[in-house]
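Reader: I'd like to learn how to read helix packing in a model like this. Can we go through it together?

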Amino acid sequence: MDMDSVIGTTLRIGVIISIVLISAGVAIMLARGEGLGYSINEISSMRSPVNSSVIPVLSAVGHAASLDGLSLIVLGLVVLIATPVLRVLLGIASFVMEKDWLYAVITIIVFIDLMIAIFIIPALLK
């Protein structure tokens, strides 16, 4: 299996896992009428207090094990965001294996930019 196939398969699997998690989360949340203690009305309201700043990712992962619908949705979104990040990491590995140092360095810079955008900037904005 060549690296392009690995990358393609990784992207497909990431999207499928994300779809399954989000769909299961929506179904569970609709069946229970709530998620993480918030009612469906609170979650779907135009002025909803529920957003990514009130649902820490680690908390959502912990609650996902208890099949909380909103936690599964958050986990599905995390998988969806992590999928292209993993693709960039696989791109770095591919360029290094091919000894294409220019593209390896460019891809490392892209990865660093992604990490800054995902972790550093949100922490600075709090």
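Reader: Leaving aside its neighbours within four places in sequence, which residues is S18 in contact with?

Author: First, some ground rules. This is a predicted model, where local features need pLDDT of at least 70, side-chain atom pairs count only at pLDDT 80 or more, and totals for chains, interfaces and linings use all residues. Residues are numbered from 1 along each chain as its sequence is written, and side-chain values use heavy atoms, with hydrogens and water left out. Contact means heavy atoms within 4.5 Å; for S18, that gives G76, V79 and L80.

Reader: Where is S18 found, and is S18 buried or exposed?

Author: Buried means under 20% relative accessible area, exposed over 50%, and partly exposed in between (1.4 Å probe, protein chains only). S18 is found in helix α1, and at 2% relative accessibility S18 counts as buried. Helices here are DSSP runs (H or I, at least four residues), numbered from the N terminus.

Reader: At what angle do α1 and α4 pack?

Author: Axes are lines fitted to C-alpha atoms, for helices over the stretch in contact, and angles run from 0 to 180 degrees between N-to-C directions. For α1 (residues 3-32) and α4 (residues 69-97), the angle is about 175 degrees, with the axes 7 Å apart. Angles over 145 degrees count as roughly antiparallel, so α1 and α4 are roughly antiparallel to each other.

Reader: Which residues of α5 are buried, and what do they pack against?

Author: A104, T107 and F111 are buried in α5, and the buried residues of α5 pack against α4. In general, an α-helix has 3.6 residues a turn, so residues three or four places apart point the same way.

Technical notes
Helix = DSSP H or I, 4+ residues; strand = E, 2+ residues; numbered from the N terminus. Parallel < 35°, antiparallel > 145°, perpendicular 65-115°, else oblique.
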